[in-house]
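Hi,

Here is the structure I promised to pass on. Have a look at it first, and then read my notes below.

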Amino acid sequence: MIRDTTATFTTILKTDEDLAALLVQRERAFLIAEVANGCAGFITWGPFRAGPGYAHTAEHSIITAHPGTGVGSALMAAAIDEARAQGIHVMIACIGSENPGAIAFHRRMGFALAGQLPQVGRKSERWHDLIVMSRIIADP
């Protein structure tokens with residue numbers, strides 16, 4: 001998926017060791033949806049930007065094997081609950097503009113458009129826009 005899609009702008013494949021290290025690094029910020037035959041998806045979140053002023057804002061990544069099955073919604077709801085318990089106030093989603101399904105998913109999950117960054121990503125010899133969406137998750 002990484003090589004053949006603009007859902008992510010990276011071209012570097014993650015190794016099993018990379019994923020294991022991320023699981024250790026984000027022990028409390030990595031949720032996996034398991035099914036009988038393996039992983040149905042995962043969500044992870046981490047710092048949005050460096051510095052104490054952003055300590056309560058997190059950017060997340062969510063991947064599901066079978067979109068439209070409810071796995072993504074369940075993962076997102078659980079991640080929001082856990083992030084809120086960790087003191088996160090705002091969740092950020094950064095989405096390639098060629099991924100309307102992810103944009104629609106985030107809208108359904110209560111995220112709002114925060115901005116569009118033109119041509120900030122480069123992949124497959126083309127420039128790509130990045131859509132930024134956000135959701136305040138703190139209890140009122």
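What follows is a short tour of the sheet, the core, the salt bridges and one histidine.

Some ground rules first. This is a predicted model, so local features need pLDDT of at least 70 and side-chain atom pairs count only at pLDDT 80 or more, while totals for chains, interfaces and linings use all residues. Residues are numbered from 1 along each chain as its sequence is written, and side-chain values use heavy atoms, with hydrogens and water left out.

**The sheet**

Helices (H or I, at least four residues) and strands (E, at least two) are DSSP runs, numbered from the N terminus. Two strands pair if DSSP finds at least two bridges between them. On that basis there is an open sheet of 6 strands with mixed pairing, in the order β1-β2-β3-β4-β6-β5. The edges belong to β1 (30–35) and β5 (112–123); each has a single partner strand, so one side of each is left without a neighbour in the sheet. From one strand to the next, the twist averages 25°. For angles, axes are lines fitted to C-alpha atoms (for helices, over the stretch in contact), and the values run from 0 to 180 degrees between N-to-C directions.

β5 pairs with β6 (residues 126–136) in the antiparallel sense, over 8 bridges. Leu113 stands opposite Met133 of β6.

Helix α2 (residues 71–85) lies across β1, β2 (38–47), β3 (57–64), β4 (90–96) and β6, and runs at about 35° to β2. Contact here means heavy atoms within 4.5 Å.

**The core**

A nonpolar core is a set of buried Ala, Val, Leu, Ile, Met, Phe, Trp, Tyr and Cys residues joined through side-chain atoms within 4.5 Å. Buried is under 20% relative accessible area, exposed is over 50%, and partly exposed is in between (1.4 Å probe, protein chains only). The largest core has 24 residues, of which Trp45, Met76, Met91, Ile95, Phe111 and Met133 touch the most other members. β2, α2, β4, α3 (100–108) and β6 each give two or more residues to this core, and α2 gives the most, with 6 residues.

**Salt bridges**

The count is 4 salt bridges, taking a side-chain nitrogen of Lys or Arg within 4 Å of a carboxyl oxygen of Asp or Glu. Three of them I can describe:

- Glu82 and Arg28 meet at 3.7 Å, N to O. Glu82 lies in α2 and Arg28 in the loop between α1 (16–25) and β1, so the pair ties together parts that are 54 residues apart in sequence. Glu82 is partly exposed at 27%, whereas Arg28 is exposed at 54%.
- Arg84 and Asp81 meet at 3.2 Å, N to O. Both sit in α2, 3 residues apart, which is about one helical turn. Arg84 has 26% relative accessibility and Asp81 has 47%, and each counts as partly exposed.
- Arg122 and Glu125 meet at 3.8 Å, N to O. Arg122 is partly exposed at 40%, while Glu125 is exposed at 68%.

**One histidine**

Is His128 buried or exposed? With a relative accessible area of 2%, His128 is buried; its place is in strand β6. The His128 side chain makes a polar contact with the side chain of Glu98 at 3.5 Å. A polar contact is a pair of N or O atoms within 3.5 Å; within protein, one must be able to donate a hydrogen and the other to accept it, and residues adjacent in sequence count only if both atoms are side-chain atoms. Leaving out residues up to four places away in sequence, His128 touches residues including Thr6, Phe9, Leu117 and Arg122.

Cheers
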